[in-house]
Amino acid sequence: MGKKLVMAQKRGETRALCLGVAMVLCAVITYYILGTTMLPLYQKSVWTQESMCHLIETNIRDQEHLEGKKVPQYPCLWVNVSSVGRWAVLYHTEDTRDRNQQCSYIPGSLDNYQMARADVEKVRAKLHERRVFDCFSTTRENETSVLYQRLYGPQTLLFSLFWPTFLLTGGLLVIAMVKINQSLSILAAQK
């Protein structure tokens, strides 16, 4: 009976040890992926200066308002603000600025024109309600654009690192508990 109990205990310890090692390996792989994707984007982001933006004007542009320029087939919200004592164009995120510099906001669903137009109208109404809001600018002197929301800010980085850290801590605790259990069972067997 005692030998069967020891064998079952060893199998359970082995499984728990494998679980802990697997958790640690998954955390290390996740850290590597985040380190090669999120961290460079966070470090390259120049939108670090928080400031207050005052709404000057908003304009919804359709294709006919942008004649002579190559434009996408969706409504385009254009927002002018006053920030840090100068006029600037407000962009929703870094990606919005990179995708189309003629639009401050690009709707989420571009398949249905009417839904996209309603989305743009809703965002425009929210901006008109607030009039003054937080925004992010760069420290460059000649930059005439600001961001409403940073995609690669410190909160995003910390949130991305939370689960791998939780996984790593859990895996190390499982390994530590198995090792403590093994050493205590050896001590108990010696007495």
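Predicted model: local features only at pLDDT ≥ 70, side-chain atom pairs only at ≥ 80, totals over all residues.
Trainee: What ground rules apply here?

Mentor: Residues are numbered from 1 along each chain as its sequence is written, side-chain values use heavy atoms, and hydrogens and water are left out. Local features need pLDDT of at least 70, side-chain atom pairs count only at pLDDT 80 or more, and totals for chains, interfaces and linings use all residues.

Trainee: What makes a set of residues a nonpolar core?

Mentor: The members are buried Ala, Val, Leu, Ile, Met, Phe, Trp, Tyr and Cys residues, joined through side-chain atoms within 4.5 Å. Buried means under 20% relative accessible area, exposed means over 50%, and partly exposed lies in between (1.4 Å probe, protein chains only). The largest such core here has 14 residues. Leu77, Val79, Val81, Leu90, Leu127, Phe133 and Val146 touch the most other members.

Trainee: Which elements each supply at least two residues of this core?

Mentor: Strand 1 (49-61), strand 2 (76-83), strand 3 (86-91), helix 3 (113-130) and strand 4 (132-137) do. Helices (H or I, at least four residues) and strands (E, at least two) are DSSP runs, numbered from the N terminus. A second, separate core has six residues, including Trp47, Trp78, Val89 and Phe136.

Trainee: Why would such residues gather at all?

Mentor: In soluble globular proteins, nonpolar side chains tend to be buried together.

Trainee: What is Val146 in contact with, leaving aside its neighbours within four places in sequence?

Mentor: Contact means heavy atoms within 4.5 Å. By that rule the partners of Val146 include Trp47, Val81, Leu90, Cys135 and Phe136.

Trainee: How do you know that strand 1 and strand 4 pair?

Mentor: Two strands pair if DSSP finds at least two bridges between them. Strand 1 and strand 4 have six bridges, in the antiparallel sense. They therefore count as paired. Ser51 stands opposite Cys135 in strand 4.

Trainee: How many bridges join strand 1 to strand 2?

Mentor: Eight, and these strands run antiparallel. Asn59 has Trp78 in strand 2 as its bridge partner.

Trainee: In which sense does strand 3 pair with strand 5, parallel or antiparallel?

Mentor: Parallel, over three bridges, with strand 5 covering residues 145-147. Val89 stands opposite Ser145 in strand 5. Strand 2 and strand 3, by contrast, run antiparallel and are joined by four bridges. There, Ser82 stands opposite Trp87 in strand 3.

Trainee: Why is the meeting of Arg117 and Glu121 called a salt bridge?

Mentor: The rule asks for a side-chain nitrogen of Lys or Arg within 4 Å of a carboxyl oxygen of Asp or Glu. The N to O distance for Arg117 and Glu121 is 3.5 Å, so the pair qualifies. The structure holds one salt bridge. The two residues are four apart in helix 3, which means a separation of about one helical turn.

Trainee: Why is Thr93 called buried?

Mentor: Its relative accessibility is 7%, so Thr93 counts as buried. Thr93 lies in the loop between strand 3 and helix 2 (94-99).

Trainee: What makes the link from Thr93 to Thr96 a polar contact?

Mentor: A polar contact is a pair of N or O atoms within 3.5 Å; within protein, one must be able to donate a hydrogen and the other to accept it, and residues adjacent in sequence count only if both atoms are side-chain atoms. The side chains of Thr93 and Thr96 come to 3.2 Å, so the pair passes.

Trainee: Why are Phe162 and Trp163 called edge-to-face?

Mentor: Rings of Phe, Tyr and Trp (its six-membered ring) pair if their centres lie within 6.5 Å; planes under 30 degrees apart count as stacked, over 60 as edge-to-face and the rest as tilted. Phe162 and Trp163 have centres 4.9 Å apart and planes at 75 degrees, so the pair is edge-to-face. Trp163 and Phe166, at 5.6 Å and 85 degrees, are edge-to-face too. Phe162, Trp163 and Phe166 form one aromatic cluster.
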